[in-house]
Amino acid sequence: MTAVREKSDLRRRLGVLLGMCCGAGVAVQARINGALGDRLNDGIAAAVVSFGSGLILLLVVTGFSGRMRAGLDAIRRSLRAGPLRWWHLLGGLCGAFFVASQGLSVVTIGVTAFTIAVVAGQLSSGLVVDRLGVGPAGVTPVTPVRLGAAVLAVGAVGVAALGRSGGESGSGGAVAYLLIALPALAGLGLAWQQAVNGRLATVGGPVPATAINFATGTAGLLVVEAAQIARIGLPTEFPTAPWLYLGGAIGVFFIAVAALIVRWIGVLLFGLTSVSGQLICSVVLDGLAPTGTRLSPLTVIGCVLTLFAAVIAVIGQGRGPDSDSA
């Protein structure tokens, strides 16, 4: 029993660290896809490039990996016989909407404000997803400590939002407020995406689950982009800077890792740790390469409070009734 508990604790600590790395990847991807969407003047096209390049990378891996093909086959068999259902394959649609919102809004509202809006949606839905048992860990009770950690994190991102918006005004303000709704809605879908991808990963492994996520998301984006092209036409030219096309590879990394560690720490705790990585990295990005207002003390305070919320969630889950679920 002691060995099992030690293994569970080790997985939880590693999961927290990897969750923060995933969050940092989300912030970097948001900056990249936002810049690409601005250069193309088409945020949906930027999302297609990001998801499509990630899918191509995964297809190449599939061609060389017998284990990945076996994982995909295991998922196919589980869909036929159970316990997987067809809707477990649709997590990629939420990811597609998230990436599209990057290309449509980041340049206007900034990566920090984007992160704040995503976090608010993600933490709110994470509680519900864990409580309903959508993820592979099953039903996770909403204890007072976990609820308090989520409330503190939401309050912390509110503080960071005040720091971000303190110097923003002018004619673009109304548009910015409308665009903030996009990542907030995308954040609501992220917890569900992580949960169903975790289900797929339990059957076939995290990389096959990621491949299905990218295939579904790319298909959805291509349908939307076809309608966009019919309305405004193809982009006139594509930028040549290589870093603008790294969003897909970064997405492969954090989706695959998320599908793995959500089984170890649950959707809510993963959300809280990834929030910490997102906010820290977004502050670094805004500090090194600002696109709007400068960093304020309130933004830094918000990041510290969010980190504190993540620590509370780790302690609360470790002491809660679900502590041995991993």
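**Entry 1: the largest cavity**

I began by asking which helix gives the most to the lining of the largest cavity. Helix 9 does, with 8 residues. I took helices (H or I, at least four residues) and strands (E, at least two) as DSSP runs, numbered from the N terminus. For a cavity, I used a 1 Å grid over the protein atoms alone and kept sets of points where a 1.4 Å probe fits but cannot get out; lining residues have an atom within 4 Å of a point. The volume of the largest cavity is about 190 Å³. That volume is the space filled by probe spheres set on the points, with grid points joined across faces, edges and corners. I counted 22 residues in its lining, and Val26, Leu190, Gln193, Phe254 and Ile255 lie nearest the centre. The elements giving two or more residues to this lining are helix 1 (2-40), helix 4, helix 7 and helix 9 (247-288). Searching the whole structure turned up 3 cavities of 30 Å³ or more.

**Entry 2: ground rules**

I noted that this is a predicted model, in which local features need pLDDT of at least 70 and side-chain atom pairs count only at pLDDT 80 or more, while totals for chains, interfaces and linings use all residues. Residues are numbered from 1 along each chain as its sequence is written, and side-chain values use heavy atoms, with hydrogens and water left out.

**Entry 3: the whole chain**

I find 10 helices and 0 strands in the protein chain. Of its 326 residues, 52% count as buried; buried means under 20% relative accessible area, exposed over 50%, and partly exposed in between (1.4 Å probe, protein chains only). I also looked at contacts (heavy atoms within 4.5 Å). Among those with a separation of 6 or more, 87% come from residues 24 or more positions apart. The accessible surface is about 14300 Å², and carbon and sulfur atoms hold 70% of it. I used the Shrake-Rupley method with a 1.4 Å probe for these areas.

**Entry 4: aromatic pairs**

How many aromatic pairs does the structure hold? I get 3. Rings of Phe, Tyr and Trp (its six-membered ring) pair if their centres lie within 6.5 Å; planes under 30 degrees apart count as stacked, over 60 as edge-to-face and the rest as tilted. One of the pairs is tryptophan 87 with tryptophan 192, whose ring centres are 6.5 Å apart with planes at 25°, so I logged the pair as stacked. Tryptophan 87 sits in the loop between helix 3 (66-81) and helix 4 (91-109), and tryptophan 192 in helix 7 (residues 173-204), so this pair ties together parts 105 residues apart in sequence. Tryptophan 87 is partly exposed at 34% relative accessibility, and tryptophan 192 is partly exposed at 25%.

Phenylalanine 98 and phenylalanine 114 make a tilted pair, with 5.7 Å between centres and 50° between planes. Phenylalanine 98 belongs to helix 4 and phenylalanine 114 to helix 5 (residues 111-132), so the pair ties together parts 16 residues apart in sequence. Both of these phenylalanines are buried.

**Entry 5: helix 8**

Threonine 210 lies in helix 8 and is buried at 0% relative accessibility. Leaving out residues up to four places away in sequence, threonine 210 touches Leu58, Val252, Ile255 and Ala256. Next I went to leucine 59, in helix 2 (residues 43-64), which is exposed at 53%. Its C-alpha atom is 7.6 Å from that of alanine 211, 152 residues away along the chain.

**Entry 6: back to helix 9**

Is serine 274 buried or exposed? It is buried, with a relative accessible area of 3%, and its place is in helix 9. Serine 274 and glycine 23 are 4.0 Å apart, C-alpha to C-alpha, though 251 residues apart in sequence. Beyond residues up to four places away, serine 274 touches Gly19, Met20, Gly23 and Gln122.

Arginine 263 is in helix 9 too, and at 24% relative accessibility I noted it as partly exposed. From arginine 263 to arginine 11 I read 9.7 Å, C-alpha to C-alpha, across 252 residues of sequence.

Terms used:
On a 1 Å grid over the protein atoms alone, a cavity is a set of points where a 1.4 Å probe fits but cannot get out, and a pocket is an open set with protein on both sides within 12 Å along at least five of seven lines; lining residues have an atom within 4 Å of a point.
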